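I opened my notebook to look up a few places in a new structure. My notes follow in the order I took them.

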Amino acid sequence: MERVVEEVGSDGLDEVTITGKTYCAQLRDNEITEFFIHPSDLNIPTAKITDIIGGEPDENAKEIITLLNGKKSVFRDVVILNSASALLATGNASNLEEAGTKSIESIDNGKALEKLNMLIKMTNN
């Protein structure tokens with residue numbers, strides 16, 4: 001089954017945004033479906049674009065590690081919303097709510113951090 005998904009945040013980001021609505025168009029089985037994703041769909045509060053601007057690479061890396069260790073933040077919210085969208089797009093969840101639950105569980109049970117550490121190990125060899 002072939003799938004293609006295009007996402008554009010209402011703030012101009014080329015990913016699912018937590019600042020408002022995200023327009024999505026999905027091509028699946030030769031049929032295009034258009035829909036919107038909003039942070040509130042997963043009980044995530046909206047944030048300002050200035051709240052999600054990253055810093056220097058070292059700062060961003062530390063923020064990723066802390067969110068994967070369970071720190072609640074707007075960065076975690078962005079990761080949950082975008083990973084949920086990816087799970088939905090790839091057919092690994094049947095709806096956004098299920099995808100959001102899987103994303104949160106992956107962070108909370110340490111599997112997301114485990115996968116990151118595997119990637120770091122593979123790319124540093």
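Is asparagine 30 buried or exposed? I looked it up: asparagine 30 is exposed, because its relative accessible area is 78%.

Some ground rules. I am working with a predicted model, where local features need pLDDT of at least 70, side-chain atom pairs count only at pLDDT 80 or more, and totals for chains, interfaces and linings use all residues. I number residues from 1 along each chain as its sequence is written, and side-chain values use heavy atoms, with hydrogens and water left out.

I placed asparagine 30 in the loop between strand 2 and strand 3. Helices (H or I, at least four residues) and strands (E, at least two) are DSSP runs, numbered from the N terminus. I then checked asparagine 30 against valine 4, which is 26 residues away along the chain. Their C-alpha atoms are separated by 9.9 Å.

Aspartate 29 lies in the loop between strand 2 and strand 3. I noted its positive phi of about 55°, although aspartate 29 is not a glycine. Aspartate 29 is exposed, at 52% relative accessible area.

Next I looked at arginine 28, which is found in strand 2 (residues 22-28). Arginine 28 counts as partly exposed, because its relative accessibility is 34%. Arginine 3 is 25 residues from arginine 28 in sequence. In space the two are 4.7 Å apart, C-alpha to C-alpha.

**Entry: another positive phi**

I found asparagine 43 in the loop between strand 3 and helix 1. Its phi is positive, near 60°, and asparagine 43 is a residue other than glycine. Asparagine 43 is exposed, with a relative accessible area of 73%.

**Entry: a serine in helix 3**

Serine 103 lies in helix 3 (residues 96-108). I read a relative accessible area of 4%, so serine 103 is buried. Which residues does serine 103 touch, not counting those up to four places away in sequence? I listed Ile80, Ser83, Ala84 and Leu87. Contact here means heavy atoms within 4.5 Å. I also checked isoleucine 65, which is 38 residues from serine 103 in sequence and 16 Å away in space, C-alpha to C-alpha.

**Entry: helix 1 against helix 4**

I took helix 1 (residues 57-68) and helix 4 (residues 111-123) as a pair. Their axes come within 8 Å and cross at roughly 140°. Axes are lines fitted to C-alpha atoms, for helices over the stretch in contact, and angles run from 0 to 180 degrees between N-to-C directions.

Helix 1 makes the contact with Ile64, Ile65 and Leu68, and helix 4 with Ala112, Leu113 and Leu116. I sorted these residues by class: six nonpolar, no polar and no charged. Ala, Val, Leu, Ile, Met, Phe, Trp, Tyr, Cys and Pro count as nonpolar, Asp, Glu, Lys and Arg as charged, and the others, Gly among them, as polar.

**Entry: empty space**

Rolling a probe the size of a water molecule over the atoms shows where empty space is left. On a 1 Å grid over the protein atoms alone, a cavity is a set of points where a 1.4 Å probe fits but cannot get out; a pocket is an open set with protein on both sides within 12 Å along at least five of seven lines; lining residues have an atom within 4 Å of a point. Grid points are joined across faces, edges and corners, and a volume is the space filled by probe spheres set on the points.

I found one cavity of 30 Å³ or more. Val5, Glu7, Gln26, Phe35, Ile37, Ser85, Leu88 and Ala89 line the largest cavity. Helix 2 gives the most to this lining, with three residues.

The largest pocket holds about 230 Å³ of space. Helix 1 gives the most to its lining, with four residues. By class I noted seven nonpolar, two polar and two charged residues in the pocket lining.

Note on methods: Buried means under 20% relative accessible area, exposed over 50%, partly exposed in between (1.4 Å probe, protein chains only).
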